[in-house]
Amino acid sequence: MKSYKMLLEESNLKITPQRLAILKELDKKGHASIEEIYENIKEMFPSISLATIYKNINALKEENVINEVCLHQKPKFEITKEPHAHFICKKCGKIEDVEFSKVIDKEIEKYYPNSQKELYIYGICKDCSGNS
Ligand SMILES: [Zn+2]
Ligand SMILES: [Zn+2]
C-alpha cells in the first residue's frame, strides 16, 4: 500500500499530523467509526475534538482517500482500496473485507459504467456461529 503521506499528496489535502494519524488508525483497524478513531487519536493529540475528527473524515471522504462503509449501522470508514465486498455479522457487527472478483466488477461496469460499487453480505460470522 502507498504511504499515508502519498495518499494525501495525491489528493488536494494538506498533510497534517491529525490526518496522518486518522489514516494510520484506519489502516490498523481496517474499519473504524469516528468514535473509535477519536478514542485512539486523543491519546496522541489530547486537545483534539470529536468535531475536528469529523471535519477531517469528511474532507478525506470527499477526496476519496477514505471510504464510508456499512451505512445500515453506525458508519465506519476505511482507506479506499480496490473495490471489495463487505461481510457484516448480524450478531456482533464485525466487518470483514471480501474479495470481489474482477469478473463481477467488469460485469457490473458493463451495465453501470463508472459506478461506485458497494456490496454487502449479511450473515453470522464464524466466531458467533461457533458458540451459539
Ligand atoms: Zn459475529
Ligand atoms: Zn473494507
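Two strands count as paired if DSSP finds at least two bridges between them; strands (E, at least two residues) and helices (H or I, at least four) are DSSP runs numbered from the N terminus. The model is predicted: local features need pLDDT of at least 70, side-chain atom pairs count only at pLDDT 80 or more, and totals for chains, interfaces and linings use all residues. Residues are numbered from 1 along each chain as its sequence is written.

**View 1. An open sheet of three strands in the order 4-3-5.** The pairing is mixed. Strand 4 (95–98) and strand 5 (119–123) are the edge strands, each with a single partner, so one side of each has no neighbour in the sheet.

**View 2. Antiparallel pairing of strand 3 (residues 85–89) with strand 4.** The two are joined over four bridges. Ala-85 lies opposite Val-98 of strand 4.

**View 3. The largest nonpolar core, with 16 residues.** Such a core is a set of buried Ala, Val, Leu, Ile, Met, Phe, Trp, Tyr and Cys residues joined through C-beta atoms within 7 Å; buried means that 20 or more other C-beta atoms lie within 10 Å of the residue's own, with C-beta atoms placed from the backbone. Ile-22, Leu-26, Ile-37 and Ile-41 have the most contacts inside this core. Helix 1 (4–10), helix 2 (17–29), helix 3 (34–44) and helix 4 (50–62) each supply at least two of its residues. Helix 2 gives the largest share, four residues.

**View 4. Surroundings of Ile-41.** Leaving out residues up to four places away in sequence, Ile-41 touches Ala-21, Ile-22, Glu-25, Ile-48 and Ile-53 (contact: C-beta atoms, placed from the backbone, within 7 Å).

Definitions and conventions: Chains lettered and ligands numbered in written order. Buried ≥ 20, exposed ≤ 12 C-beta atoms within 10 Å, placed from the backbone. Contact = placed C-beta atoms within 7 Å.
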